[in-house]
Amino acid sequence: MQIVVDLNRCQGYAQCVFLAPQVFELHGEEALMFTPTVPEDQHERVRRAAAACPVQAILVGEP
Ligand code: F3S
């Protein structure tokens, strides 16, 4: 699974950090860092994070 976060859209809501802390990390209010290639054991968490982002900034590509 590959992910991209649209950083222009991201407003720092941090739902992703809360749901998948091993993949997303927030540095300051809006500087989101993420692991583009998501390990297998994090897929479900990342799907939930993508669904939970209030501005749909997380794009998930499969496989
Ligand atoms: Fe940004 Fe959405 Fe996460 S706004 S911090 S990608 S929940």
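Reader: How many residues does the largest nonpolar core have, and which of them have the most contacts inside it?

Author: A nonpolar core is a set of buried Ala, Val, Leu, Ile, Met, Phe, Trp, Tyr and Cys residues joined through side-chain atoms within 4.5 Å, where buried means under 20% relative accessible area, exposed over 50%, and partly exposed in between (1.4 Å probe, protein chains only). In this structure the largest such core has 17 residues, and those with the most contacts inside it are Ile 3, Val 5, Val 23, Phe 24, Val 46 and Ile 58. Strand 1 (2-5) and helix 2 (43-52) are the elements that give two or more residues to this core, and helix 2 gives the most, with three residues. Helices (H or I, at least four residues) and strands (E, at least two) are DSSP runs, numbered from the N terminus.

The model is predicted, so local features need pLDDT of at least 70 and side-chain atom pairs count only at pLDDT 80 or more, while totals for chains, interfaces and linings use all residues. Residues are numbered from 1 along each chain as its sequence is written, and side-chain values use heavy atoms, with hydrogens and water left out.

Reader: Which residues is Val 5 in contact with, leaving aside its neighbours within four places in sequence?

Author: Contact means heavy atoms within 4.5 Å. With those neighbours set aside, Val 5 is in contact with Cys 10, Phe 24, Leu 32, Phe 34, Ala 57 and Ile 58.

Reader: Is His 43 buried or exposed?

Author: His 43, which lies in helix 2, is buried, because its relative accessible area is 12%. Not counting residues up to four places away in sequence, His 43 touches Met 1 and Val 38.

Reader: And is Gln 42 buried or exposed?

Author: Gln 42 lies in the loop between strand 3 (31-34) and helix 2, and Gln 42 is buried, with a relative accessible area of 4%. Among residues beyond four places away in sequence, Gln 42 touches Gln 22 and Val 23.

Reader: Is Phe 18 buried or exposed?

Author: Phe 18, placed in helix 1 (residues 15-19), is exposed, because its relative accessible area is 67%. From C-alpha to C-alpha, Phe 18 and Phe 34 are 13 Å apart in space, and they are 16 residues apart in sequence.

Reader: Which residues are around the ligand?

Author: A residue is near a molecule if one of its heavy atoms lies within 4 Å of it. Around the ligand are Cys 10, Gln 11, Gly 12, Tyr 13, Ala 14, Gln 15, Cys 16, Leu 32, Cys 53, Val 55 and Ile 58.
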